[in-house]
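Q: Please take a close look at one part of this model. I would like its neighbours, its charged pairs and its setting in the chain.
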Amino acid sequence: VLFCSIKFFAMFTRSAILAAVLAVSADAFAASPAAGGLRINSKAGLPLASSRVGPLRGGATGSSMIDITPNVSFDTIAREWRCKWSADDDKASLVAAQDAIAEVIADVKKVKGVKGVQRVVCGGCLDFKIVTSLPADDFGKWEEAKFAPEEKFLAKLKGIKGITAVETQTYTSMPL
């Protein structure tokens, strides 16, 4: 557990800019006004470069890409729900966490624009994560809806014996 925490911390502390980008809400990723110039995000203090329409990886065109830097662009934002589970009682908390996501997965997949929902489980770090990805253009509406059914799901997780460190995070996600 300590190794994963140290490795994770080291990976994200290398870049103060990346850490700041990951720490702010989705509005930090909003495109600059069409009038031109850079807009400064008040939460992160980072300049937000202009949005552009251009070719994506794999040759697709027509999607708006948002530039964090000249060489870091995205068109997808993900919301992560995560917790730690316990191996106690034959991993009963992991079983219950899976049951909890099964109760709301249909609602998650109904969110306008959902590109995908992934479950990540680490047997070494005892991580349980649900990652929902949406186009940047659709993400704000889901954020306004408080990421429903996030509140219901997180409350369920918090009530499970053996589940700890229930958290959320918003970040960009792009294939390389």
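What follows is a close look at helix α5 (residues 150-158), then at the parts around it.

A: A caution comes before the details. This is a predicted model, and every value below is computed from it.

Begin with the setting. The protein has 176 residues. They form 5 helices and 9 strands. Along the sequence the pattern runs α-α-β-β-β-β-β-β-α-β-β-α-α-β. Buried residues make up 35% of the protein. Among contacts with a separation of 6 or more, 57% join residues 24 or more positions apart.

The loop between α4 (136-144) and α5 contains Pro 149. A cis peptide bond joins Ala 148 to Pro 149, with omega at about 10 degrees. The loop between α4 and α5 also holds Lys 146. Its backbone stands out too: phi of Lys 146 is near 55 degrees, a positive value in a residue other than glycine. Lys 146 has a relative accessible area of 60%, so it is exposed.

Next, the packing. Which helix does α5 pack with, and at what angle? The partner is α3 (residues 88-109). The two helices meet at an angle of about 160 degrees, and their axes are 10 Å apart. An angle over 145 degrees counts as roughly antiparallel, so α3 and α5 are roughly antiparallel. Their crossing is right-handed.

The contact itself can be listed. From α3 come Ala 97, Ala 100, Ile 101, Glu 103 and Val 104. From α5 come Lys 152, Phe 153, Lys 156 and Leu 157. By class, this contact has 6 nonpolar residues, 3 charged residues and no polar ones.

The closest N and O atoms of Lys 156 and Glu 103 are 3.5 Å apart. How accessible are the two ends? Lys 156 is partly exposed, at a relative accessible area of 38%. Glu 103 is also partly exposed, at 46%.

Asp 90 lies in α3. Phi of Asp 90 is near 55 degrees, positive although the residue is not glycine. Asp 90 counts as exposed, at 72% relative accessibility.

Glu 150 and Arg 79 meet through their side chains in a salt bridge, 2.8 Å from N to O. Are its ends buried or exposed? Arg 79 counts as buried at 10% relative accessibility. Glu 150 is buried as well, with a relative accessible area of 10%. Under 20% is the limit for buried, so a value of 10% falls on that side for Arg 79.

Follow β6 onward. The side chain of Arg 82 forms a salt bridge with that of Glu 167, at 2.9 Å from N to O. Arg 82 is in β6 and Glu 167 is in strand β9 (residues 164-172), so the pair ties together parts 85 residues apart in sequence. Arg 82 is buried, with a relative accessible area of 17%. Glu 167, at 37%, is partly exposed. A network of salt bridges links Arg 82 and Glu 167 with Glu 80. The whole structure holds 7 salt bridges.

One last stop lies in another strand. Val 72 is part of strand β5 (residues 72-74). Val 72 counts as partly exposed, at 39% relative accessibility. Leaving aside residues up to four places away in sequence, Val 72 touches Ile 66 and Asp 67. Val 72 and Met 174 are 102 residues apart in sequence, and their C-alpha atoms are 9.8 Å apart in space.

To recap the helix: α5 packs with α3, a salt bridge joins Lys 156 to Glu 103, and another joins Glu 150 to Arg 79.

Key: Residues are numbered from 1 along each chain as its sequence is written. This is a predicted model: local features need pLDDT of at least 70, side-chain atom pairs count only at pLDDT 80 or more; totals for chains, interfaces and linings use all residues. Side-chain values use heavy atoms; hydrogens and water are left out. Axes are lines fitted to C-alpha atoms, for helices over the stretch in contact, and angles run from 0 to 180 degrees between N-to-C directions. Helices (H or I, at least four residues) and strands (E, at least two) are DSSP runs, numbered from the N terminus. Angles under 35 degrees count as roughly parallel, over 145 as roughly antiparallel, 65 to 115 as roughly perpendicular and the rest as oblique. A crossing is left-handed if the near helix is turned anticlockwise from the far one by less than a right angle, and right-handed if clockwise. Contact means heavy atoms within 4.5 Å. Ala, Val, Leu, Ile, Met, Phe, Trp, Tyr, Cys and Pro count as nonpolar, Asp, Glu, Lys and Arg as charged, and the others, Gly among them, as polar. A salt bridge is a side-chain nitrogen of Lys or Arg within 4 Å of a carboxyl oxygen of Asp or Glu. Buried means under 20% relative accessible area, exposed over 50%, partly exposed in between (1.4 Å probe, protein chains only).
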